[in-house]
Amino acid sequence: MEKKIKLIWDFRGPAAAKTAEHHVIHLNEYIEIEQVSINVTACQHINDMHSIAYMVVLESEMKVIRDALKPHRGQLYQE
């Protein structure tokens with residue numbers, strides 16, 4: 001079983017929640033256009049001033065997607 005990587009974009013400030021939600025729309029568009037094998041995206045609200053948007057990718061696809069979308073960080077994804 002291939003490892004899955006969670007690519008993460010951090011958003012901070014009073015508009016962080018709305019920005020993260022909007023970013024997920026663009027991640028889903030990218031998945032559809034590029035036919036990425038995994039379709040897992042979401043946003044998570046850490047607190048009033050910090051939210052994240054994330055996308056889960058296979059390790060074999062990670063470098064291409066990372067270079068195209070420039071996430072702020074990444075970590076192993078555990079279901």
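**Entry 1: Leu-7.** I began with Leu-7 and listed its contacts (heavy atoms within 4.5 Å). Leaving out residues up to four places away in sequence, Leu-7 touches Ala-53, Tyr-54, Met-55, Val-57, Met-62, Ile-65, Arg-66, Pro-71, Arg-73 and Gly-74. I noted that this is a predicted model, where local features need pLDDT of at least 70, side-chain atom pairs count only at pLDDT 80 or more, and totals for chains, interfaces and linings use all residues. Residues are numbered from 1 along each chain as its sequence is written, and side-chain values use heavy atoms, with hydrogens and water left out.

**Entry 2: Cores.** I looked up nonpolar cores, meaning sets of buried Ala, Val, Leu, Ile, Met, Phe, Trp, Tyr and Cys residues joined through side-chain atoms within 4.5 Å. Buried is under 20% relative accessible area, exposed is over 50%, and partly exposed lies in between (1.4 Å probe, protein chains only). The largest core has 16 residues, and Leu-7, Met-55, Val-57 and Ile-65 have the most contacts inside it. At least two residues of this core come from each of S1, H1, S3 and H2. H1 gives the most, six residues. I also found a second, separate core of six residues, with Ile-38, Tyr-54, Val-56 and Leu-58 among them.

**Entry 3: Sheet.** I took helices (H or I, at least four residues) and strands (E, at least two) as DSSP runs numbered from the N terminus. Two strands pair if DSSP finds at least two bridges between them. Four strands make an open, antiparallel sheet in the order S2-S3-S1-S4. S2 (40–47) and S4 (73–76) are at the edges with a single partner strand each, so one side of each has no neighbour in the sheet. S1 and S4 pair over four bridges, and Lys-6 has Gln-75 as its bridge partner in S4.

**Entry 4: Helices.** I checked angles between N-to-C directions, which run from 0 to 180 degrees, using axes fitted to C-alpha atoms, for helices over the stretch in contact. H1 (residues 16–34) packs on the sheet, touches S1, S2 and S3 (50–58), and makes about 15 degrees with S3. H2 (residues 59–69) lies across S1 and S3 and runs at about 135 degrees to S3.

**Entry 5: Lys-4.** Is Lys-4 buried or exposed? Lys-4 counts as buried because its relative accessibility is 19%. Lys-4 is in S1 (residues 4–12). I found a polar contact of 2.9 Å between the side chains of Lys-4 and Glu-79. Such a contact is a pair of N or O atoms within 3.5 Å; within protein, one must be able to donate a hydrogen and the other to accept it, and residues adjacent in sequence count only if both atoms are side-chain atoms.
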